[in-house]
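Please look over the sequence and the model shown here before reading the report.

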Amino acid sequence: MLFGNRIFGASNELFFNMAKVFYFPYAKYEIESNLSKDELIQRITDEITNLDLIEELTTKNKGKFTGAINKTSGKFWVRKRLNYRNNFNSTIKGTIVSTSSGSTVSIVLKLHTFHYIFLSVFCFFLIFLGISSPANSEDFMWAIGGLGFIYALTFFTFNMAVGEALDTLHELV
């Protein structure tokens with residue numbers, strides 16, 4: 001159960017600390033676990049499968065993530081495999097560090113760089129259309145409404161994907 005920035009009822013005493021970034025879809029968390037660094041690396045490695053296009057279409061038992069992990073340093077990047085189509089699926093970059101009571105996983109969830117570029121170009125295009133005819137205030141209002149819609153849609157879909165990714169990480173850690 002999520003309450004504030006803490007998850008209560010978690011078996012591994014997980015705590016998520018979210019960075020306060022308001023303008024771009026971006027989140028930063030730190031997860032504490034009772035498991036050792038090697039155990040966490042092995043659990044994440046077991047859930048990563050990188051398949052080519054044919055295998056992706058034909059394989060029934062896929063891992064929960066696609067990506068890579070460095071087994072010596074504990075650095076990883078993964079993307080959650082979603083059961084539905086979501087173009088704003090987050091990329092998770094993280095590092096597993098040993099602590100005295102187990103380990104800590106520091107993760108950053110953000111969109112792919114292409115998404116940020118596409119959204120910026122699209123929003124600048126909407127702004128240009130809105131200010132290109134200053135005599136017609138209706139065009140300006142459509143542009144502002146379009147920007148608001150794109151902004152809300154981006155955050156909604158990003159948060160959906162982040163929620164699923166965090167749930168899956170919660171199960172592993």
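The report below takes up a glutamate, a set of strands and some aromatic rings in turn.

## About the model

This is a predicted model, in which local features need pLDDT of at least 70 and side-chain atom pairs count only at pLDDT 80 or more, while totals for chains, interfaces and linings use all residues. Residues are numbered from 1 along each chain as its sequence is written, and side-chain values use heavy atoms, with hydrogens and water left out.

## A buried glutamate

Glutamate 47 lies in the loop between helix H1 (37-46) and helix H2 (53-58); helices (H or I, at least four residues) and strands (E, at least two) are DSSP runs, numbered from the N terminus. Glutamate 47 is buried, where buried means under 20% relative accessible area, exposed over 50% and partly exposed in between, with a 1.4 Å probe and protein chains only.

Strand S4 (residues 65-69) pairs with S5 in the antiparallel sense over five bridges, and two strands are said to pair if DSSP finds at least two bridges between them. Within this pairing, threonine 66 has arginine 79 of S5 as its bridge partner. S4 and S5 form a hairpin with five residues between them, and glycine 74 in the turn has a positive phi of about 85°.

Strand S5 (residues 75-80) has a covered face with Phe76, Val78 and Lys80, and an uncovered face with Lys75, Trp77 and Arg79. In a regular strand the side chains alternate between the two faces of the sheet. S5 is also joined by five bridges to the antiparallel strand S6 (residues 91-99), where glycine 94 is the bridge partner of phenylalanine 76.

## Aromatic pairs

A search of the whole structure finds three aromatic pairs; rings of Phe, Tyr and Trp (its six-membered ring) pair if their centres lie within 6.5 Å, and planes under 30 degrees apart count as stacked, over 60 as edge-to-face and the rest as tilted. The rings of phenylalanine 114 and phenylalanine 118 have centres 6.4 Å apart and planes at 25°, so this pair is stacked. Phenylalanine 114 counts as exposed because its relative accessibility is 54%.

The rings of tyrosine 151 and phenylalanine 155 have centres 4.9 Å apart and planes at 55°, so that pair is tilted.

Terms used
Lys and Arg count as positive and Asp and Glu as negative; His and the chain ends are not counted. A salt bridge is a side-chain nitrogen of Lys or Arg within 4 Å of a carboxyl oxygen of Asp or Glu.
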